[in-house]
Amino acid sequence: MSSQTLLTDEFRELSARLGLDPLLVQGAGGNTSVKKGDVMWVKASGTQLSNAKEQDIFVKVDRNIAKAEAFGNGKGDCLGAVLEPTVGLRPSIETTFHAVLEYSYVMHTHSVMTLVHAISPEGRQSLKEKLSGLPFAMVPYAKPGLPLTNEILRCVEPDTQIIILQNHGLICCGQSIKEVSDLIFTVEERLYMPPRKVSAVQPDDEPDARFQWSDFSWLAKNSRYCSWLVQGSYYPDHVVFLGPALPLHDNDNNPPVIMKEGVGILLRKDAGPSQQAMLRCLAEILQRIPLEWTLEPIGEKAESELLNWDAEKYRQSLAARK
């Protein structure tokens, strides 16, 4: 089997299926990989899983080099592992964990149902009960890239196939497409939380000409939601595409989203698709979390690390072109 034939129709189809579901992947988030021997194909940074069937979004890497970087021999960006550099794609910032997990297929999503549970201590306890009997492990929050890979290596066992990333998402592993697909949708079914009913009535106030009222303005009309929204950011892609927490006023950073407490959510008219997708993700999560649960943001230090990270600035620049 040539390395190119690892990119089978069923691998591309499952990758695209995940990318097309906003409850599983938002914008350029998430990544999938397939490996055999020394070769691994992994989603390229800044590309979208939803395009997996129509576009060449995967980059070919030397798995041994990527594993060596995971274990400290390199920066962890896996740029030196790329086997066809002329293609011009950079491996996902999370390539190292794909390389070290000993399964043919590794699929990482930013599952809303997982995040509902994984950003809350009460949610994590509930998750443990709901996933009882499945081969899962829970990994504390760590910055994507090498720090996350190190945490995964510390927490997983050889038979772990489901990895819950606190304040981040879900990883499922398998030796076949069917196996990994079944695991993903079993987790989704067990963790499913129905959304609460919300009001779709838009604010009467006329917004600044640079903004429009978001369809998720109901978030600002609930005091519990408001307290969560200003408390901090709960997962990496929120910080990357929306900035830390939700600001209450416009500022020099030109935030794409502003919360007017008690009134609505302002969305900048030039907000890109990834920014809009992340606002929807936030709404989907908060609409499902029990109001009595406690939420734990990633913290200002973690936010600063993401905002000043070259790898994420690269991903932002690609998203801005779409």
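Reply: In this predicted model, E284 is buried, with a relative accessible area of 14%. R280 is partly exposed, at 37%. The side chains of these two residues meet in a salt bridge, with 3.3 Å from N to O. Both sit in helix α10, which covers residues 273-286, and because they are 4 residues apart there, about one helical turn separates them. Elsewhere, salt bridges with shared partners link D208, R210, D250 and R268 into one network. The count of salt bridges comes to 13.

Another of these pairs is K75 with D77, where the closest N and O atoms are 3.6 Å apart. K75 is exposed, with a relative accessibility of 70%, whereas D77 is partly exposed at 25%.

E84 forms a salt bridge with K60, and their closest N and O atoms are 3.9 Å apart. E84 is partly exposed, at 33% relative accessibility. K60 is buried, with a relative accessible area of 17%.

Strand β3 runs over residues 58-62. How much of β3 is buried? The answer is 5 of its 5 residues, so the strand is largely enclosed by the rest of the structure. Burial applies to both faces: F58, K60 and D62 lie on one side, V59 and V61 lie on the other, and all are buried.

D62 is buried yet takes part in no salt bridge. The nearest side chain of opposite charge is R63, and it is 8.4 Å away; a salt bridge needs the nitrogen and the carboxyl oxygen to be within 4 Å. The side chain of D62 does have a polar atom 2.9 Å from the backbone nitrogen of N64. Leaving aside residues up to four places away in sequence, D62 touches D38, A81 and L83.

Now the pairing of the strand. β2 and β3 pair in the antiparallel sense, over 5 bridges. Within this pairing, V39 stands opposite D62. Both strands belong to an open sheet of 7 strands with mixed pairing, in the order β3-β2-β1-β4-β7-β6-β5. β3 and β5 (136-139) are the edge strands, and each pairs on one side only. On average, neighbouring strands of this sheet are turned by 15° against each other, direction ignored. Further along the order, β4 (residues 105-109) and β7 (residues 169-174) are joined in the antiparallel sense over 5 bridges. One of the residues involved is M107, whose bridge partner in β7 is C172.

Two helices also lie across β3. Helix α1, residues 9-20, lies across β1 (31-36), β3 and β4, and runs at about 10° to β4. Helix α2, residues 63-70, lies across β1, β2 (39-43) and β3, and runs at about 80° to β3.

For comparison, there is another open sheet, with 3 strands in the order β8-β10-β9 and antiparallel pairing. β8 (211-213) and β9 (257-260) are at its edges with a single partner strand each, so one side of each has no neighbour in the sheet. Neighbouring strands here are turned by 30° against each other on average, direction ignored. β9 pairs with β10 (residues 264-268) in the antiparallel sense over 4 bridges, and in β10 the bridge partner of I258 is L266.

To return to β3: the strand stands at an edge of its sheet, yet its residues are buried on both faces. K60 has a salt bridge with E84, while D62 has none.

Notes
Residues are numbered from 1 along each chain as its sequence is written. Side-chain values use heavy atoms; hydrogens and water are left out. Buried means under 20% relative accessible area, exposed over 50%, partly exposed in between (1.4 Å probe, protein chains only). Lys and Arg count as positive and Asp and Glu as negative; His and the chain ends are not counted. A polar contact is a pair of N or O atoms within 3.5 Å; within protein, one must be able to donate a hydrogen and the other to accept it, and residues adjacent in sequence count only if both atoms are side-chain atoms. Contact means heavy atoms within 4.5 Å. Two strands pair if DSSP finds at least two bridges between them. Axes are lines fitted to C-alpha atoms, for helices over the stretch in contact, and angles run from 0 to 180 degrees between N-to-C directions.
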